[in-house]
Amino acid sequence: MKYQLSIATSFFRGNDPLSDLETFRRAGYTRLSADFWLFSAPDQMLEKEDWQERIAIYKQKADELGIVFPQTHGNTLSGKRWGDPSYSKEEARVWELNHRALEASKYLGAEWVVMHPYNLPHDRLYNRQKALDTNLAYLAPFIEQAKKLGIGIALENMVDFGGNRRRYCGGDPDELLELVAVINDPSVGICIDTGHAHLSGIHVGDFIRMTGDLLKCTHIDDNRCDSDTHLPPYFGTIDWEDTLQAFADIGYKGDFSFELSGQHFPRETQDTWCRFTHDLAVDMLK
């Protein structure tokens, strides 16, 4: 395999980010995906006025431990906020923090920033063209900033609920590919979240093959098609044999990056849980 292992810092939530770096390193991780979505939460480093100093301290600690950040996760709205009219007043602040996330990503040395597509309010009828046009307008300033910084943006596939529930933009593989094709910029690619695809009823391996060389980043996680639970591989029902084969088929060269939920484990067991995920991935990539 050409790609390397990493894990999202969102594995731990509510802990001290600096001590989390030590936990990841003890587990064997030397590559992380910094989650600036969580780092933008109230009282977190990106939300503070001295955010640049805090990011510098974070990077210094990572450098001391031999940790690098090949990819990051930008800021976004949480699920219910997309359709909440009362939240629109705070939306500008979220996008301001996303611009900070791009700057911080460059400072950490990341090559790609994963971003969620923009989602329309929860209309009863989903309008694909309206979603496309809205996304082009929404993404334009972030793409411009990223290009000036010399980093890329990887758009993540979201969850397509189907039925009588409105879809998230990018839940359908063709829609995500269309969005990237219309943007038509080598600095814009795709991040596949395996759990999102599986929960949407999409065969993960086939989706990977569809993206080809547009695939720049990954969020690797599993589920049982009941919820976006971010389980480790083999804890859910994804076909991992074919998924790994699909990465090989397209010659993927980005990171095999776990995006898992470990924060619900007691703090005294998180070292063991983190080390397990690392060892599991090592065995998978063999």
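Reader: What share of the 286 residues of the protein chain counts as buried?
Author: This is a predicted model. A residue counts as buried when its relative accessible area is under 20%. For the 286 residues of the protein chain, the share that counts as buried is 55%.

Reader: How many helices and strands does the protein chain have, and why is it as compact as a globular protein of that length?
Author: The protein chain has nine helices and eight strands. For 286 residues the globule rule gives 19 Å, and the chain is as compact as a globular protein of that length because its radius of gyration is close to that value, at 18 Å.

Reader: Which residues of helix α8 are buried?
Author: Helix α8 spans residues 240-250. Its buried residues are W240, T243, L244, A246 and F247.

Reader: Within what arc do the buried residues of α8 fall, seen down its axis?
Author: In an α-helix, residues three or four places apart point the same way, because there are 3.6 residues a turn. The buried residues of α8 line one face of the helix, because they fall within an arc of 150°.

Reader: What covers the buried residues of α8?
Author: Contact here means heavy atoms within 4.5 Å. The cover of the buried residues of α8 includes the strands β7 (215-219) and β8 (256-258). Also included are the helices α6 (194-199), α7 (204-211) and α9 (270-285).

Terms used: Residues are numbered from 1 along each chain as its sequence is written. This is a predicted model: local features need pLDDT of at least 70, side-chain atom pairs count only at pLDDT 80 or more; totals for chains, interfaces and linings use all residues. Side-chain values use heavy atoms; hydrogens and water are left out. Helices (H or I, at least four residues) and strands (E, at least two) are DSSP runs, numbered from the N terminus. The radius of gyration is taken over C-alpha atoms; the globule rule is 2.2 Å times the number of residues to the power 0.38. Buried means under 20% relative accessible area, exposed over 50%, partly exposed in between (1.4 Å probe, protein chains only). The arc is that of the directions from the helix axis to the C-beta atoms.
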